[in-house]
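Biologist: Please pick one residue and take a close look at what surrounds it. Then set that part against the whole chain, and give the cut-offs as you go.

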Amino acid sequence: MSEKLAVLFPGVGYHVDRPLLYHSAKLARERGYEVCAVSYPPLPTGLRGKPERIQQAIELCSRAASEQLSGIAPDQHKQLLFISKSLGTAVAAVCAARFSLSPQQVYYTPVENSFAYFRREGLVFHGTADPWARTKVVKNECRRLRLPLFLVENADHSLETADTLHDLETLHRVMARTAQYLDERGFFH
């Protein structure tokens, strides 16, 4: 294992080959990280707007991810980074707590249930038109936890709008802010 490990926690239907996770993984590799991704068992559909079902999915995914990460010891890596999307944001936070890990966390578009697991470390990205999490809730929770929040106006759960060129500009800004977060914390090449 490398001294620097980045773990990707995808969302439901938002896999590691999608823009946010794909480019984040590239940023991590550029900074010398070994990158791996957790996978989940098949999940039920129709989760949005159903907090109880989302909670069940978080628990199922957390068990699967915990099994995959069981070999990571708190002192095994000098630098540990968790990059997560949607439901994966809760899974990343659960796994960090379960294994007493203190990774840097990049949270892309958390669902509202995720905030129950977040600690005071990380960077949060949220689209103001995200149907999975109300902007007011995200703002309040980030303020309560003192988590920096990057808002993308009129963007959905993938931080996208109906304008492709605008979405590419947004992706650039999101990746630039992610890179800045990593570099500010000493995660240099």
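Modeller: Contact here means heavy atoms within 4.5 Å. The model is predicted, so local features need pLDDT of at least 70 and side-chain atom pairs count only at pLDDT 80 or more, while totals for chains, interfaces and linings use all residues. Residues are numbered from 1 along each chain as its sequence is written, and side-chain values use heavy atoms, with hydrogens and water left out.

The part to look at is alanine 6. Leaving aside residues up to four places away in sequence, alanine 6 touches Ala28, Tyr33, Glu34, Val35, Cys36 and Leu81. Alanine 6 sits in strand 1, which covers residues 4-9; helices (H or I, at least four residues) and strands (E, at least two) are DSSP runs, numbered from the N terminus. Its relative accessibility is 0%, so alanine 6 counts as buried (under 20% relative accessible area; exposed is over 50%, partly exposed lies in between, with a 1.4 Å probe and protein chains only). Serine 24 comes 18 residues away from alanine 6 in sequence, and their C-alpha atoms are 9.6 Å apart in space.

Now the chain around that residue. It has 5 helices and 6 strands, which follow one another along the sequence as β-α-β-α-β-α-β-β-α-β-α. The radius of gyration is 15 Å, close to the 16 Å that the globule rule gives for 189 residues, so the chain is as compact as a globular protein of that length (the radius is taken over C-alpha atoms, and the rule is 2.2 Å times the number of residues to the power 0.38). Along its principal axes the C-alpha trace spans about 40 × 35 × 30 Å.

Of the contacts between residues at least 6 apart in sequence, 67% join residues at least 24 apart. The accessible surface (Shrake-Rupley method, 1.4 Å probe; for residues, only the protein chains shown count as cover) is about 9,100 Å², and carbon and sulfur atoms account for 51% of that surface.

Cysteine 61 is buried at 0% relative accessibility, and cysteine 95 is buried with a relative accessible area of 0%. The structure holds 0 disulfides, a disulfide being a pair of cysteine sulfur atoms within 2.5 Å.
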